[in-house]
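Subject: Structure handover

Hi,

Here is the structure I promised to pass on. My notes follow below it.

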2 protein chains.
Amino acid sequence: MEFTDKAIGIDFGGSSIKMGVVLGKQIIAEAPVIIPKDYPIPTELIKAIADQVNALKEEHCDIKAIGCGVPGFVDTPTGRIHNLTNVPGWVDIPLRDLLSEKTGLPCVVENDANAMGIAEWKLGAGAGYQHLICLTLGTGVGGAVIVNNQIVRGSQFVAGELGQSSINYNGRVGAYNNPGALEDYIGNNEFAIDSQRAYLEAGIEKFIDDCSPAALDAAATAGCEVAIACWDDFARKLACTLANCCWLLNPEAFIIGGGLSNAGNTLFTPLRKHLAAQLSAPFRDHLKIIPAKFSNEAGIIGCAVLALEMADA
Amino acid sequence: MEFTDKAIGIDFGGSSIKMGVVLGKQIIAEAPVIIPKDYPIPTELIKAIADQVNALKEEHCDIKAIGCGVPGFVDTPTGRIHNLTNVPGWVDIPLRDLLSEKTGLPCVVENDANAMGIAEWKLGAGAGYQHLICLTLGTGVGGAVIVNNQIVRGSQFVAGELGQSSINYNGRVGAYNNPGALEDYIGNNEFAIDSQRAYLEAGIEKFIDDCSPAALDAAATAGCEVAIACWDDFARKLACTLANCCWLLNPEAFIIGGGLSNAGNTLFTPLRKHLAAQLSAPFRDHLKIIPAKFSNEAGIIGCAVLALEMADA
């Protein structure tokens, strides 16, 4: 890869599409695609994306490739989308080939959580690790798994769904009839509802807005015992899944990003405590829990990294 | 590897040491090491093992290397044992170098569950799979993880401890203060105790001997509803951990061995049912659950495979 090689990274979300030109570790230009309120049919949206790519190509020389991260199930080798979570109508779309055809650039399509994980592993907080698990904590819980210095996609390219893994075989039934799915305990909404209940039990009335992660972080930092206990409970549940990853894969580190990770040590301190308490020495002693380096830009950067690797291969 | 190349595989257990000469997929000679009742100090036992290896070397030509599987924590690159579970006194022993020195053969030391997994993956029921998880169900639950066609040892070479992974973040506290460890629910002893309790609740008095896996299999096969329900409960708990492996790694198959797997479809039928019920389509549709090919000989064969690979490298 030449230092002047650039790629376009696209972070395709249910409500926004971010796009950027990436050089090295930096996004040097951003150009979001505006999505009309009535979410258009895939062909129209793909045309809008391709138009934006072509406009960026005119402004920037040396753009070698496109990488596109999508929230759902992709056949990675062919870049064909099987279906997207929360994006109606995106079923069986040959996104890679359509984008390539309309832009003249080689294209790679990847699951969005994997793209974020690749950004952290190649250029971010996980650089240099061979055995690494990256998480994003938000409405849901996403994950990417790196083992033996390789990304793990699995047999159908859907590995890394940490949010669906169970913390209780008798627990709440989740989206796929699966009991005890982690994100049904620690997703943004569930965390807010559980925290509101904890306040009520303590005899304190709180609006749900006062139970946002930011509000609960502020309350815990100010010494509120209810909020501190809520974060401790959150950390204990998350530690269960992280410990399971350790028993299975013995990673060197977890990289944790997403909105909820903005709570910093309000989350990280009890998380490190609970995880250390549940593991034996060889799993625990060298283990690191590290905040993500990238924020919203992780998807764009990870996709651009993949695109340049593919162009070089 | 020449077809005539042979290796010696050693399966080092807490109460027995099995040793065999392996050619291809076959053990062509077995020569267990007798362990005195008062378990001898490591140096004496290593001498007994080396003497047995040297005797086999005299009987068999073309023995290229030794592989030794041990029940515990090994530094794989150096073949140094950190400590062994249930084998007192085996702490910080340079087993690879000591065996090599006393036999003149190159030697590799591996965790025993990994050795069994390698036998299944290279020569057994898991041959041809790139993404595979092997389990042994017995007093404990052991595991080996294959991802991207490579064994996963992890950063400290202790990956694959499926028995310690949690099925309930609020569950029974296990050997390492970890809540809900799988083997504290489905290990041989726990299964027997839970089954005895189920019989009692059904108003049937049973001795603990009638709640061995073999007895419970016979009872379920004969149509006993209590026994059938016990196996269903066993399968539901095991399915929780297997589903977690699927969400994380999206494997093609699970290979299941160990004493409890002798129950065959008494276990496999409810296990397939529960696992399918807890997974979404791309994780479930191509997934296979397969009985192990090898039985007690898996450790010897896996170690011999590793030894020959090392000798060839």
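Is A:Asp184 buried or exposed? A:Asp184 is buried, with a relative accessible area of 19%. Buried means under 20% relative accessible area, exposed means over 50%, and partly exposed is in between (1.4 Å probe, protein chains only).

First, the ground rules. This is a predicted model, where local features need pLDDT of at least 70, side-chain atom pairs count only at pLDDT 80 or more, and totals for chains, interfaces and linings use all residues. Residues are numbered from 1 along each chain as its sequence is written, chains are lettered from A and ligands numbered from 1 in the order in which they are written, and side-chain values use heavy atoms, with hydrogens and water left out.

More on A:Asp184

A:Asp184 sits in helix α4 of chain A, residues 183-186. Helices (H or I, at least four residues) and strands (E, at least two) are DSSP runs, numbered from the N terminus. Setting aside neighbours within four places in sequence, A:Asp184 touches A:Arg172, A:Val173, A:Gly174, A:Ala175 and A:Glu190. Contact here means heavy atoms within 4.5 Å. A:Ile41 is 143 residues from A:Asp184 in sequence, and their C-alpha atoms are 30 Å apart in space.

Chain A overall

Chain A has 10 helices and 13 strands. Its radius of gyration is 20 Å, close to the 20 Å that the globule rule gives for 313 residues, so chain A is as compact as a globular protein of that length. The radius is taken over C-alpha atoms, and the rule is 2.2 Å times the number of residues to the power 0.38. The C-alpha trace of chain A spans about 60 × 45 × 35 Å along its principal axes. Of the 313 residues in chain A, 56% count as buried. Among contacts in chain A with a separation of 6 or more, 61% come from residues 24 or more positions apart.

On charge, chain A carries 22 positive and 35 negative side chains. Lys and Arg count as positive, Asp and Glu as negative; His and the chain ends are not counted. The centres of the two sets lie 3 Å apart, with each charge placed at NZ of Lys, CZ of Arg, CG of Asp or CD of Glu.

Aromatic pairs

The whole structure holds 14 aromatic pairs over all chains. Rings of Phe, Tyr and Trp (its six-membered ring) pair if their centres lie within 6.5 Å; planes under 30 degrees apart are stacked, over 60 edge-to-face, and the rest tilted. B:Phe191 and B:Trp231 have ring centres 4.8 Å apart and planes at 65°, so the pair is edge-to-face. B:Phe191 lies in helix α5 (residues 188-201) of chain B and B:Trp231 in helix α7 (residues 225-249) of chain B, so the pair ties together parts 40 residues apart in sequence. B:Trp231 is buried at 1% relative accessibility.

B:Phe191 also pairs with B:Phe234: centres 4.7 Å apart, planes at 55°, so this pair is tilted. Both B:Phe191 and B:Phe234 are buried. One aromatic cluster is formed by A:Tyr176, B:Trp247 and B:Phe283.

B:Asp62 is in the loop between α1 (42-59) and β4 (63-70) of chain B. B:Asn177 is in the loop between β11 (150-151) and α4 (183-186) of chain B. B:Asp62 is partly exposed at 34% relative accessible area. B:Asn177 is partly exposed at 46%.

Best wishes
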